[in-house]
Amino acid sequence: MSQLEIKNLHVSIEDKEILKGLSLTINQGEIHAIMGPNGTGKSTLAYTLMGHPNYTVTQGEILFKGQNILELEPDERSRAGIFLAFQYPVAIPGVTVANFLRSAINSRRRAENPTDKGITIAEFRKMLTEKMKMLKMDPSFAGRYLNDGFSGGEKKRAEILQMATLKPEIAILDETDSGLDIDALRIVSEGVNALSGPNLGVLVITHYQRLLNYIKPHFVHVMMGGRIVESGGPELALHLEERGYDWLREKAEEAA
Ligand code: ADP
Ligand code: MG
């Protein structure tokens, strides 16, 4: 069964249609990249997958492990195994990275079972130490206040650590827009590469071809005008670097 199946998805923001019939299937163990020019609806797709209330699905389906997730609240989607890395993470002064992760784990456990006593401190420390070691993170990072004064790279590091702790089955990383320096790119890529495996499906959204020098996707898709207009292997990303998106405009218009 496919992990994530998006069928003919139409999404509007304030009555303006942004996604216009997008279809995409991601299986476990696969890394997919969506690339495309600015304003084409890439972030809209990410937010819609997570269930952001501003995005209205007017047509189509999103199935996760065969279940229609459009009826699920964002926290239920997260518990089902979908992870979205936010493009603009919020700072929480006074809450350390470790505390944040521990409450995330505990709220998930309590949602599954209201009488759950939560993860013990010892158990949590052990798990966190392992994950941070795997991601080559400095242990002191866990004691810092979440995103408070974090550099772009550190925000990404926190995000990847959150992903490692929550162990999603599908991770959606929206890496578009500004502020993604080489350091941050490298952190995200190394994190994704370290966590990827037969049980994780990954969707990386980017307009930086550069990211794909670090993450090796199995499939590359080009999104234009609210739909996927071209799909291929990793070579498609190289092709885009050389030729840009213009050669696909006609195709995008034809489909419209
Ligand atoms: P991308 O991530 O590909 O750059 P977005 O999904 O952010 O594109 O945006 C797609 C389109 O939706 C753009 O035309 C943008 O102006 C519009 N849009 C995005 N968010 C909103 C919003 N909250 N209200 C109205 N229009 C929006
Ligand atoms: Mg975007």
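User: Is N8 buried, partly exposed or exposed? What counts here?

Analyst: This is a predicted model. In it, N8 counts as partly exposed, because its relative accessibility is 34%.

User: Where is N8 in the fold?

Analyst: N8 lies in strand β1. Its phi is near 45°, a positive value in a residue other than glycine.

User: Which strand does β1 pair with over eight bridges?

Analyst: That strand is β2, and the pairing is antiparallel. One bridge joins L9 to L22 in β2.

User: What do you mean by pairing?

Analyst: Strands of a sheet pair through backbone hydrogen bonds, either parallel or antiparallel.

User: OK. What is the strand order in the open sheet of four strands?

Analyst: The order is β2-β1-β4-β5, and the pairing is antiparallel. The edge strands are β2, residues 16-26, and β5, residues 67-68, each of which pairs on one side only.

User: Which helix packs on that sheet?

Analyst: Helix α1, residues 42-50, packs there and touches β1, β2 and β4. Its direction makes about 110° with that of β1.

User: How many of the residues of α1 are buried?

Analyst: Eight of the nine are buried, so α1 is largely enclosed by the rest of the structure. The buried ones are K42, T44, L45, A46, Y47, T48, L49 and M50.

User: And what follows α1?

Analyst: G51 does, with a positive phi near 90°.

User: Back to the sheet. Where is F64, and is it buried or exposed?

Analyst: F64 is in strand β4. It counts as buried, because its relative accessibility is 2% and the cut-off is under 20%.

User: What does F64 touch, leaving out residues up to four places away in sequence?

Analyst: F64 touches Q3, L4, I69, A80, G81, I82, E169 and I170. As for distances, the C-alpha atoms of F64 and I26 are separated by 9.6 Å, and these two residues are 38 residues apart along the chain.

User: New topic: helices. How do α5 and α6 pack?

Analyst: Helix α5, residues 152-166, and helix α6, residues 182-195, pack at an angle of about 10° with their axes 8 Å apart. They are therefore roughly parallel to each other, and their crossing is right-handed.

User: Which residues meet there?

Analyst: From α5 they are G152, G153, K156, R157, I160, M163 and A164. From α6 they are D183, A184, I187, V188, G191, V192 and L195. The residues of this contact divide into eight nonpolar, three polar and three charged.

User: Why would the residues of a helix that meet a neighbour be spaced out like that?

Analyst: An α-helix has 3.6 residues a turn, so residues three or four places apart point the same way.

User: What is in the loop between β8 and α5?

Analyst: N147 is found there. Its phi is near 60°, again a positive value in a residue other than glycine. N147 is buried, with a relative accessible area of 7%.

User: Last one. How many residues of β10 are buried?

Analyst: Six of its six residues are buried. G201, L203 and I205 are on one side, with V202, V204 and T206 on the other, and both faces are covered.

User: Which strands join β10 over five bridges?

Analyst: Strand β3, residues 31-35, pairs with β10 in the parallel sense over five bridges. Strand β9, residues 170-174, also runs parallel to β10 and is joined to it by five bridges. In β10, L203 is the bridge partner of H32, and I205 is the bridge partner of D174.

Technical notes
Residues are numbered from 1 along each chain as its sequence is written. Chains are lettered from A and ligands numbered from 1 in the order in which they are written. This is a predicted model: local features need pLDDT of at least 70, side-chain atom pairs count only at pLDDT 80 or more; totals for chains, interfaces and linings use all residues. Side-chain values use heavy atoms; hydrogens and water are left out. Two strands pair if DSSP finds at least two bridges between them. Helices (H or I, at least four residues) and strands (E, at least two) are DSSP runs, numbered from the N terminus. Contact means heavy atoms within 4.5 Å. Axes are lines fitted to C-alpha atoms, for helices over the stretch in contact, and angles run from 0 to 180 degrees between N-to-C directions. Angles under 35 degrees count as roughly parallel, over 145 as roughly antiparallel, 65 to 115 as roughly perpendicular and the rest as oblique. A crossing is left-handed if the near helix is turned anticlockwise from the far one by less than a right angle, and right-handed if clockwise. Ala, Val, Leu, Ile, Met, Phe, Trp, Tyr, Cys and Pro count as nonpolar, Asp, Glu, Lys and Arg as charged, and the others, Gly among them, as polar. Buried means under 20% relative accessible area, exposed over 50%, partly exposed in between (1.4 Å probe, protein chains only).
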